[in-house]
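Hello,

Here is the structure I promised to pass on. Please look it over, then read my notes below.

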Amino acid sequence: MLDAGAPPRTQQHHHHTTDRIPIVSLTDEATGTRTASPTSSPARRSRRAAEARAGYAFLAPWLIGFFLLTAGPMLASLYLAFTNYNMFAAPQWVGLDNFVQLFNDPRYIQSVKVTGIYVLVGTPIKLASALAVAMLLNTKRRGQGAYRSIFYAPSLIGASVSIAIVWKAMFIDNGVVDQIGQFFGRDAGGWVGNPSMTMPMMILLTVWQFGAPMVIFLAGLKQIPTELYEAAEMDGAGSVRKFLKITLPMLSPVLFFNLLLETIHSFQIFGSAFIISNGTGGPAGSTMFYTLYLYLRGFADFRMGYASAMAWVLVVVVGLITFIFFKTSKQWVHYSGETK
Amino acid sequence: MTATTAHQTTRDPVLGGQGPDDLEASAQLRKAAKRRGRVKSVFFHVFVLAVTVVILYPAVWMLMSSLKPTSDIIGNISLIPTDASFDNFAKALSGIGGVSFWTFFGNSLFLAVMSVIGITLSSTITSYAFARIDFPGRGIFFTLMIATLLLPFHVVIIPQYIMFNQLGMVNTFVPLLIGKFLAAEAFFVFLMVQFMRNLPRELDEAARIDGAGHIRIFRSIMLPLMKPPIMTASIFAFIWSWNDFFGPLLYLKKPDLYSLPIALRLYVDQTSVSDYGAQMAMAVLALLPVLVFFIIFQRFIVDGVATQGLKG
């Protein structure tokens, strides 16, 4: 029931959450159709062959795309990661050199640090804001739908070049944020040029886009049966207890989904950092995010092998994080069947 | 923030219709609850309005600044322009380096419309294979398709760039569009597979008994029923293409091929620190189609996020 496409037979066991909660069951196979019976007469066999032909015919565009644009390039970049390649001369095998260099490259270390802080600080703040506002909006009061739309809007435009330009202009010296700071007696100067202030500025930009996870939280909150809260109140439970014992466990599948997607998403921030730092990752490397450094290495320095090595480290890290999320999810993600 | 919701103030399960004492007590309790409800309501509106102001501020600031001369933007806290004018817009519309604004706009529009067409065609066909045809290897391919959802695309861009460069396709729109026609954006395929799996199978079984093949079933039965996910996918395909920065940055290097985000970046580079007013006007113009889309389709977009987990 937790993914919209679960086969119907599993849906009837779950009453409280609908099939609309956007949890991706990533291990789910395409189980929608009936498997052919094991006894195979010639007629049945030819029918199955026809089905297989039809299947591959319909899948052809995706298959071509998958091998041409995903699987092939992935293998190619895995090979390139062990070479030096500048697009002009043939790739030169260097073994693990690129990886060894990575960990001795202060700019690379800086990019890992910057991205790590961004993910570890930005994502929790963003999700906490999303949850808090979703809980506030989860009432039957008028205007809820309008607020939901307004709060969502930044998620749609937040990653655009336009907003990056606006953000930059708001945070320059004597810009509007500085002016507001001065009004409250704190003249911090421009955030854009100050290496210790660019990270808060970037985190504010991502937190500003809390709307997408908020909308998903809100959909999850609506699925929690009110009887649970009523029963808890009769037992004398306070708000904190209700939050910890009902809201959080019931919401954990949605929380899992948001946390996984936002985390993976945060690792890949590029456009806004590129615009705000003018493609330099400055000042003092404070906006040198991982993918920005990858881009500069690959497409400004034409060190394609080095950039490929960076890309593969990113894939492995994201893969590991995804793996850990799924492994630990058994401990903290509760599906409604268990909490009932 | 507490977990309390509106129903607690209007409905209390403890208070049933009991004796007269209970009734009086319950009336008092209800009054207290009502008062609490009002306080909460005020709190709700104050807080929500505060959030709204914070959320809207950057957008309003952008809009207002686009109407001001630069000297009014920096070092001036007031939102309202002292003398509003469209000078900035005239400047922005006059283009960059001899290329008209409308060229960039046209490029962006072409890319977005082609994205919508490509994604609609390829994702519906692919999703039909996954959801409705039983063939060996389907499970594995479906898992691989899902895996690409979480794959950082940076791992493929370098070989892709090398490939398109060797094919002489840098400075064409092909690298930006080919993936859309080959269902490379797994999210849309996933969205449609989910939708199609929930359609009753009796529909296609009845058609099969009548002798219809997969092409007929796909075209005459599935496609007409797929309007909602096609609509959602089209809206997001358009907006994502419109806002895309990385792809055009890699592949479009001639100004007359630039999409709006790349043109905007060039504009910022060129005007440097000096002309924030014109930058804001250009930013407004570049965002305008997205905002119009949002206003028209907001219900659809937000519900799509709520039910499908689509990101912004």
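**Chain A: domains and fold**

The C-alpha centres of domain 1 and domain 2 of chain A are 37 Å apart. Domain 1 of chain A covers 40-80, and domain 2 covers 99-339. Domain bounds here come from an automatic or database domain assignment.

A word on the source. This is a predicted model, in which local features need pLDDT of at least 70 and side-chain atom pairs count only at pLDDT 80 or more, while totals for chains, interfaces and linings use all residues. Residues are numbered from 1 along each chain as its sequence is written, and chains are lettered from A and ligands numbered from 1 in the order in which they are written.

Chain A has 15 helices and 2 strands. Both are DSSP runs numbered from the N terminus: helices are H or I with at least four residues, strands are E with at least two.

In chain A, 43% of the 340 residues are buried. A residue is buried if 20 or more other C-beta atoms lie within 10 Å of its own, with C-beta atoms placed from the backbone. Helix α6 of chain A (residues 161-170) is mostly covered, with 10 of its 10 residues buried. Among them are W167(A) and K168(A).

Contacts next. Two residues are in contact if their C-beta atoms, placed from the backbone, lie within 7 Å. Take the contacts in chain A with a separation of 6 or more: 67% of them join residues 24 or more positions apart.

**Where chain A meets chain B**

Here 104 residues of chain A are in contact with 91 residues of chain B. Helix α2 of chain A (residues 42-80) gives the most to chain A's side, with 19 residues. That side has 65 nonpolar, 30 polar and 9 charged residues. Ala, Val, Leu, Ile, Met, Phe, Trp, Tyr, Cys and Pro count as nonpolar; Asp, Glu, Lys and Arg as charged; the others, Gly among them, as polar.

**Chain B: two domains**

Chain B is assigned domain 1 (7-88) and domain 2 (97-308). Their centres, taken over C-alpha atoms, are separated by 36 Å. The contact between them takes 10 residues from domain 1 of chain B and 9 residues from domain 2 of chain B. On the domain 1 side, α2 (20-65) and α3 (70-73) of chain B each supply at least two residues. α2(B) gives the most to that side, with 3 residues. By class, the domain 1 side of chain B divides into 5 nonpolar, 4 polar and 1 charged.

Best wishes

Definitions and conventions:
Buried ≥ 20, exposed ≤ 12 C-beta atoms within 10 Å, placed from the backbone.
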